[in-house]
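Subject: Structure for your files

Hello,

Please find the structure below, with the notes after it.

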Amino acid sequence: MSCLKPMIGPSILNADLAQLCDESQRLLDFGADYLHLDVMDGHFVPNLTFGHPVVKCLRNKIPKAFFETHMMVSNPEQWIEPMAEAKVDQYTFHVEPVQDVPEICRKIKEAGMKVGLAIKPGTSVDVVKDYLDFADLVLIMTVEPGFGGQKFMADMMPKVAWLRENYPDLNIEVDGGVGPSTIDQCSKAGANWIVSGTAVIKAEDPKSVISSLKKSVQTAIDLKN
Ligand code: DX5
Ligand code: ZN
């Protein structure tokens, strides 16, 4: 019997960032299980968002919610301490630019955060295999990181399915182009942490989108049990 839980985390990247706090609170009130905060450095990805000072201010206004920072940065080690000080719960970083993945995982844990390992569409799932003992979650990108509103890459589903097959209790997250029309592919493959940006933010009824995403994941978990 698996103990997996469905977790829906809206990405606020395409929200009105001038209203970051209100938008985030609204999504939590609509049933979001966590906030997925996209941090970009303009180097690892060709876009720039916000960093730890903004996350810290948001945390002051929203003391209780689970914050995941998705670190699309070239030097993830550099931001571990500042993000821990901003009271981030989970630090999810890309393994591609990192030499010593276990060392970064150790430092994140020492700083009191959970560890997420992220891979881009072009990165094989084999790359994370050796590090799963150090991680709380694996993030399989379903778009090229950098921008919201891109088309979901269904050909990433075999990575999710392979991980689920081999690691029944691992938290597997998908991010990019996920919404009501693509969620069933993700849940069937075995993802249980779902990032959804545009599909939630631009919806007329974000609450029902969040609950339909959750239902799809729960149904898939129940079928496997
Ligand atoms: C892309 C980001 C995603 C993105 C998701 O680089 O990591 O979190 O904002 O947004 P949608 O759901 O619109 O693809
Ligand atoms: Zn993201």
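This is a predicted model: local features need pLDDT of at least 70, side-chain atom pairs count only at pLDDT 80 or more; totals for chains, interfaces and linings use all residues.

Residues are numbered from 1 along each chain as its sequence is written, chains are lettered from A and ligands numbered from 1 in the order in which they are written, and side-chain values use heavy atoms, with hydrogens and water left out.

Zinc site

The zinc ion (ligand 2) has four residues as its protein donors: His-36 through NE2, Asp-38 through OD, His-70 through ND1 and Asp-175 through OD, at 2.1 to 2.2 Å. Donors are N, O and S atoms within 2.8 Å of the metal (3.2 Å for Na, K and Ca); water is not among the atoms, so sites may look incomplete. Along the chain, the donors of the zinc ion (ligand 2) have the spacing H-x1-D-x31-H-x104-D. Two of them link distant parts of the chain, with His-36 in strand β2 (residues 35-40) and His-70 in strand β3 (residues 67-72), 34 residues apart. Helices (H or I, at least four residues) and strands (E, at least two) are DSSP runs, numbered from the N terminus.

Why is the arrangement around the zinc ion (ligand 2) octahedral? It is octahedral because the six donor atoms subtend angles of 73 to 173 degrees. The term applies to six donors if opposite ones are over 155 degrees apart and all others between 65 and 115. Ideal angles for six octahedral donors are 90 or 180 degrees.

His-36 is buried at 0% relative accessible area, and His-70 is also buried at 0%. Buried means under 20% relative accessible area, exposed over 50%, and partly exposed in between (1.4 Å probe, protein chains only). The side chain of His-36 makes a polar contact of 2.9 Å with that of Asp-38 and another of 3.1 Å with the side chain of Asp-175. A polar contact is a pair of N or O atoms within 3.5 Å; within protein, one must be able to donate a hydrogen and the other to accept it, and residues adjacent in sequence count only if both atoms are side-chain atoms. Leaving out residues up to four places away in sequence, His-36 touches several others, including Gly-9, Pro-10, Glu-68, Glu-173 and Val-195. Contact here means heavy atoms within 4.5 Å.

Ligand 1

Ligand 1 has 20 residues around it, of which Gly-146, Asp-175, Gly-177, Gly-197 and Thr-198 come nearest. A residue is counted as near if one of its heavy atoms lies within 4 Å. An oxygen atom of ligand 1 is 2.8 Å from a side-chain N or O atom of Asp-38, and a polar side-chain atom of Asp-175 lies 2.7 Å from an oxygen atom of the ligand. On the backbone side, a polar atom of Gly-146 is 2.7 Å from an oxygen atom of ligand 1.

Arg-59 lies in helix α2 (residues 52-61) and is buried, with a relative accessible area of 6%. Its side chain reaches the backbone oxygen of Ala-65 at 2.8 Å and makes a polar contact of 2.7 Å with the side chain of Asp-89. Beyond four places in sequence, the contacts of Arg-59 include Phe-67, Ala-86 and Lys-87.

Lys-87 lies in the loop between α3 (80-85) and β4 (90-94) and is exposed at 56%. The phi of Lys-87 is near 65 degrees, a positive value in a residue other than glycine. Most residues other than glycine have a negative phi.

Val-55, also placed in helix α2, is buried at 1%. Among the residues it touches beyond four places in sequence are Leu-37, Phe-50, Met-83 and Val-88.

Cysteines

The structure holds zero disulfides, a disulfide being a pair of cysteine sulfur atoms within 2.5 Å. For Cys-21, the nearest cysteine sulfur is that of Cys-57, 10 Å away. Cys-21 is in helix α1 (residues 20-29) and is partly exposed at 24%, whereas Cys-105 is buried at 1%.

Regards

Technical notes: Four donors count as tetrahedral if all angles lie between 85 and 135 degrees; four count as square planar and six as octahedral if opposite donors are over 155 degrees apart and all others between 65 and 115; anything else is irregular.
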